[in-house]
Amino acid sequence: MTDMTLYLTIALLPLAGSLLAGLFGNKIGRAGAHSVTILGVAVSAVLSGWVLWGFIDGSRAKFDENVYTWLTMGGIDFSVGFLVDSMTAMMMAVVTGVSLMVHIYTIGYMHDEEVGYQRFFSYISLFTFSMLMLIMSNNFIQLFFGWEAVGLVSYLLIGFYFKKPSATFANLKAFLVNRVGDFGFVLGIALVLAYFGGSLRYADVFAYLPQVQNATIELIPGVQWSLVTVTCLLLFVGAMGKSAQFPLHVWLPDSMEGPTPISALIHAATMVTAGLFMVSRMSPIYELSSTALSVIMVIGAITALFMGFLGTIQNDIKRVVAYSTLSQLGYMTVALGASAYSVAMFHVMTHAFFKALLFLAAGSTIIGMHHDQDMRHMGNLKKYMPITWLTMLLGNLALIGTPFFSGFYSKDSIIEAAKLSNLPGSGFAYFAVLASVFVTAFYAFRQYFMVFHGKEKWRELPEHHDDHHSDGHHHGLGKNDNPHESPLVVTLPLILLAIPSVIIGYIAIEPMLYGDFFKDVIFVNADAHPTMHIMKEEFHGALAMVSHSLHSPVLYLAIAGVLSAWLLYVKLPHLPAKIAQAFRPVYVLFENKYYLDALYFNVFAKGTRALGNFFWKVGDTAIIDNGIVNGSTKLVGAIAAQVRKVQTGFIYTYAAAMVFGVLVLLGMTFWGLFR
């Protein structure tokens, strides 16, 4: 099998499964739909693992070739092609591996769905194909295709329960917010095409960089801007939308309206990591602009800290994990701003495993609670759901950065990168990611203690929560009902995801961050941004990193967060309500998500609607319809009404007109001769 055939097979198998399940779902049935999609993703995952292993042992070389030329216009080729190097291979393995676990898990989670089962499998397989096309692209056009495709499929998946008004609102919100980011992304690509050598292929653009390194562009008359900085910032606006960075983060918590499997897929390995992958891929461009890197770092720091605060008051089990995703994406963005691209991609990988684990464990809990997602109705579930309890505990330990767990190695590396960065804003970024350690530990174990410890609170509810929701499920347990552990098809993916959530960080940190894994893939200007160079000199092995943590504040902040959650939600469960009342203004601010949704809705949504109504009533109706179209008709009619009065039908009238015409012609002639 040639390399081209191999990579086409990896990318197209999920698409084939999606088409079979989507177009022939009624004929092949539920079992047929999940079989073809799982088979396609499974083969793709195995082949992706083989490709990754080839880069690890050095037997596989970088691949950068066009598949075919889609369009040639003005001497510019718009092609479909693959760039497969170590970073691509790592992302391919993560995306297909997590997607495979989600596909298997979905069989159990969606078992009771009466309609839409085949459609859901078609969507998630199509989502996998879209992400593969994005990460495997070797040019901006294909990158944009995958970029928009994951946005479109996420719209379909978030609104899977399209009869629920909240679901249709959430998917429209996600779609529109991402369009804002994508507008900046398109402008960035346009600048690349216009000024970076007239090519959209990555290799050509990177080769042309020395010629535009000091170039400027006049966006405002008389004001010169660095071309590279403007391009980097516009491309990053796209990343802000896809990777849910402040202030374009508002769509991501509402995406919980989709079924839990897609929450895991969107938040762990696919859509939200697209922006981070793009910035890492574009590292040769970003290394030329310290200004852009500073902006990226500050935005990431704001997202990491302030979105973490919102996770501390959530009562929906999935929304806690969603705000955790926002905060962790902020961590990754801080690493990008510190020029620690390899650290950001390392955290992308570790986060994919433990975040998918947390979402799927939350989904298993929801199944056990008969589709009740409110943590205030749970408690002591470890007694009834031991596998779900243990796997969620492991996921949370990885999330908060417990030594030896995968999240420890990647999170601590990000904090160290922020500390060592010399860019403006790095001081604030270091404070934000350090404070976020406590916040993360608090909300993660607040969730854990509320769900798996304490009283069995559903037995204390005044009535049975058995209302039939529009997603087709009866919600809640009765007072005499007991939760139950999920079936093997649900718990097996949890077990398989728990393994890398524990060990992958210890195994991968040295080769990925301080070895040659990303050599000739990620480029860092060590003179201007020496962070990674300093970190490499200070690194003395994975075990030494654990011992070093005993002398840093990070570990003790995490322990303090866990102990605070235990004190408030196990020992003194009456205290959180009193604290919320004492700090009511802060609680209301968090509850309203800093009023950003209200701002966007009342200013932008209503403002756009008002502007649209103005253009409709004044521009379209008054000027175009009544003025130009209907007005011209009325004008012609009025002129015709007057002209037809001349047509009397009498001969003498026409004779007089002819004589008058002859006299006019004679007068004009004499005027021309004697003037």
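**Helix packing around α16**

Guide: Ile387, Thr388, Thr391, Leu394 and Ala398 of α16 are in contact (heavy atoms within 4.5 Å) with Thr491, Leu494, Ile495, Ala498, Ser501 and Val502 of α19. These residues comprise seven nonpolar, four polar and no charged; Ala, Val, Leu, Ile, Met, Phe, Trp, Tyr, Cys and Pro count as nonpolar, Asp, Glu, Lys and Arg as charged, and the others, Gly among them, as polar. The model is predicted: local features need pLDDT of at least 70, side-chain atom pairs count only at pLDDT 80 or more, and totals for chains, interfaces and linings use all residues. Residues are numbered from 1 along each chain as its sequence is written, and side-chain values use heavy atoms, with hydrogens and water left out.

Visitor: At what angle do the axes of α16 and α19 cross?

Guide: Two packed helices are described by the angle between their axes and the distance between the axes. Axes are lines fitted to C-alpha atoms, for helices over the stretch in contact, with angles from 0 to 180 degrees between N-to-C directions. For α16 (residues 386–399) and α19 (residues 488–514), the axes come within 10 Å and cross at roughly 30 degrees. The two helices, α16 and α19, are therefore roughly parallel (angles under 35 degrees).

Key:
Helices (H or I, at least four residues) and strands (E, at least two) are DSSP runs, numbered from the N terminus. Angles under 35 degrees count as roughly parallel, over 145 as roughly antiparallel, 65 to 115 as roughly perpendicular and the rest as oblique.
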